[in-house]
Amino acid sequence: MASEFSSSVDYGFQLSKRIYYGKGVTPPPVPEVMTKSVLESYLPTAVMAYAAIVEPEVVDNPDVPSYQPYVHGRCDPPALIPLHMHDVCMEVDCCLDTAFIAVSGVWRVHCIMAGKSCDCRIAVPMGEQGSLLGVEINIPGTGRSYNSKWVTLEDTEETVTVPKAGNGRFLKPHLYTFKIPQVEGGYKLSIKVKWSQKLLYQEGQYRLNVPFTFPPYVIPAGKRVSKREKILVNVNSGIGTEILCQCTSHPIKELSNDVRKPGFIYEAEVKAWSNTDFNFSYAVSSGDIMGGVLLQSPSLNDLDTREMFCLYLFPGNNKTKKVFRREVVFVIDNSGSMRGTPLESVKTAVLASLSKLNPEDSFNIIAFNTETCLFSSTMEHATHASISNATQWLNNLTADGGTNILIPIQQAIKLLADASDSIPLIFLITDGAVEDEREICNSMKDYMTSRVSISPHICTFGIGLYCNHYFLQMLAQIGRGHYDCAYDADSVDSRFERLFTKASSVIVANITICMPENLDALELFPSHIPDLSFGNPWIVSGRYKGDFPDNIKVSGQLEDTTHLVTDLKVQNAKDVPFDRVFARQQINALTAQAWFLGSKEHEDKVAKISLRTSFPSEYTCMVLVRADSEKKGPEPILLQGIFNKINQSLTKGDASNQRIIFLGSLGVGFGNLSATANNKPPGSEESKPPEAAEILFKAATNCCGRVLDRCCCMCFIQALTYVNERCYIVSSQICAGLSCAACLDCCIELCGCIN
């Protein structure tokens, strides 16, 4: 999809050469040579808007017609011309370990002749673990506006028969695009997009990176065009200590004097838009371990009336702290689907991890497909010689065969059965789904509960979209480990390095929380208490009923076998949006449980959290609801009766001028057994074939649009009212009978006459 998008942009640049900007006006620069690196640079690195060109002859300046020669043919897929941006503002709210981003801007359809229109595609690149939260679109001068809304999948089935895939899609893991239909040339699009992303923690600092690099070809042509750029940043770490801004990519100034909740601003009239991403870092902790407890009452619209809490520990930046000795087993999928880049990336990541081990640490490697292959029959110390042998062994490893996960995990557990005075770790790396995933989880659950001595921590890493990421998350929960993923093979190295560092740099293990006995309905996220790792904050959230004391005691084991005991002070935090900060963590954990237990109750709980917090889930999808501010004329009573059902489904009791655009689900799904069995490599995901409703929809559109020259059934009925009353009645009955074939949806999309 990404390559198709880039090719469409390249074709759009060729079409944009038809545009005449006026005498003495220099057109925006466009790359002339089409190379692979240039095509990759066409992928958006900030929020952008594009004109989707199907008919090349409509490309022209809406203000200064150039009267170019007629262009025959159609663009399939549509060419994409980047729209000129006239204003941009970004608001950033940092809360605990999460940042909430809102980017708003104005783009002008400068490339479509006056009186003509085209679809506009919006691209939203997001940062670390980005989750799209909401969209607001306004088209000044037309009365049209769109606002996003989250609905459950059951709601979509009861609404209208449109393709469930929606017109939104991910080009890359954190690059989402969607379409706004038919915007006329010369008009402006006012767009506001909201998303959340995780803050990275390193050496006592939180670091934020937001895509904010705009290419030169979105700068409006002409010297008198105003270009204003603005960035607002608010920081609330929740810990109540002084926050120090360490580094920033843009010249922001301090806005407030509150050192515990600082605000910053950057605002300027610019000649060219920002050509670098927004980077921001701030310090939140001292050199030693520190922590606390935050409490908050639920909001009025929260169906869960239990109180909320958050416990946190920061490891500090004292590098003299010792980490536990490590015994590590890498369990690598080398099935046929891993052939090429995926397996080579995994090899690189594993070798990089081995280089971080100390000589007193030990390791082993198990490669699996339908069979298993061990690097060594016993655990090997991480000496230079053994790592060199492992490198040669990995270099000879090839990808072939199917996927069998249970046996290699059992072998890894046996290798670590005698582990003592160390942190035993299993890293499972796979790109596939298997049929016995629930049996694997149950087997590991039985083993963990029956084990008296030290149990290994099972960490999981998924590659691509064919593996079941919720199985991997559930297995990591049961194994008291960590989970991470790389949706494309190019990011395997960096993502796995982060997972390995988090799991293998433990400074406090076996942490216990002394919770009051009078607390009822206690629920923790994550359900297991994680270890405290160097360079990674320890955060546990949850719900409860009862009264919290003034202090909570937390204890854990240090590397020298001594125990750390600390009292965490309890305080109220009214200004930290707990329900949104921890929404993604809770949704992922509950979805994994819903999959594992097959629980409809858990699915409904996830859907309710998603609807309340506007976070995506597997059981909800996003729609855009259109509202026209212009008043429409009254409809005939008989026609209102005929189309009553479709109007009710579209408006749900709101104003009758609303329409719904399905963006589809933003979830990753539950794996693909068929793709795994056929050894399809990660990144080869194809668009789903059109469903029956989509085929009928396109057929109806073709029928009404071409045969009747954009005169839909509704317009035809209205015309017949002037001919004969019987013709009007018969035609109304026929069209009402055809409503099951999505004919009415066709009329709505075609000319908007049913409003």
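Guide: Strands of a sheet pair through backbone hydrogen bonds, either parallel or antiparallel. Here an open sheet is formed by 4 strands in the order E11-E12-E17-E14, with antiparallel pairing. Its edge strands are E11 (200-202) and E14 (244-248), each of which pairs on one side only. Between neighbouring strands of this sheet the average turn is 25°, direction ignored; axes are lines fitted to C-alpha atoms, for helices over the stretch in contact, and angles run from 0 to 180 degrees between N-to-C directions. This is a predicted model, in which local features need pLDDT of at least 70 and side-chain atom pairs count only at pLDDT 80 or more, whereas totals for chains, interfaces and linings use all residues. Residues are numbered from 1 along each chain as its sequence is written, and side-chain values use heavy atoms, with hydrogens and water left out.

Visitor: What do the element labels and the word "pair" stand for?

Guide: Helices (H or I, at least four residues) and strands (E, at least two) are DSSP runs, numbered from the N terminus. Two strands pair if DSSP finds at least two bridges between them. Strand E12 (residues 205-210) and strand E17 (residues 278-283), for instance, run antiparallel and are joined by 6 bridges. Within that pair, Leu-208 has Phe-280 of E17 as its bridge partner.

Visitor: Which strands does E9 pair with, and over how many bridges?

Guide: Strand E9 (residues 175-184) is joined to strand E5 (residues 117-125) by 8 bridges, and the two run antiparallel. In this pairing Cys-120 stands opposite Ile-180 of E9. Strand E8 (residues 169-172) also pairs with E9 in the antiparallel sense, over 3 bridges. Arg-169 has Thr-177 in E9 as its bridge partner, and a hairpin leads from E8 to E9 through 2 residues.

Visitor: Which residues have the most contacts inside the largest nonpolar core?

Guide: A nonpolar core is a set of buried Ala, Val, Leu, Ile, Met, Phe, Trp, Tyr and Cys residues joined through side-chain atoms within 4.5 Å. Buried means under 20% relative accessible area, exposed over 50%, and partly exposed in between (1.4 Å probe, protein chains only). The largest such core has 115 residues, and Phe-178 and Phe-278 have the most contacts inside it. Apart from it lies another core, of 37 residues, including Leu-354, Ala-390, Leu-397 and Ile-423.

Visitor: What does Phe-178 touch?

Guide: Contact means heavy atoms within 4.5 Å. Leaving aside residues up to four places away in sequence, Phe-178 touches, among others, Cys-120, Ile-122, Val-135, Asn-167, Leu-624 and Leu-663. For the whole chain, residues 24 or more positions apart account for 78% of the contacts with a separation of 6 or more. Buried residues make up 53% of the 755 residues in the chain.

Visitor: How is a helix read?

Guide: An α-helix has 3.6 residues a turn, so residues three or four places apart point the same way. Helix H12 (residues 600-613) has 14 residues and reaches 20 Å from its first C-alpha to its last, close to the 20 Å expected at 1.5 Å a residue; the expected span is 1.5 Å times one less than the number of residues. Among the buried residues of H12 are His-602, Val-606, Ile-609, Ser-610 and Thr-613.

Visitor: Where else is phi positive in a residue other than glycine?

Guide: Most residues other than glycine have a negative phi, and most peptide bonds are trans. Gln-129 has a phi near 50° and lies in the loop between E5 and strand E6 (131-139). Asp-421 has a phi near 55° and is located in the loop between helix H6 (406-415) and strand E24 (423-430). Gln-129 is partly exposed, at 27% relative accessibility, while Asp-421 is exposed, at 63%.

Visitor: Which peptide bonds are cis?

Guide: The bond from Asp-76 to Pro-77 is cis, with omega near 5°, and Pro-77 lies in the loop between strand E1 (48-53) and strand E2 (79-82). The bond from Phe-525 to Pro-526 is also cis, with omega near 0°.
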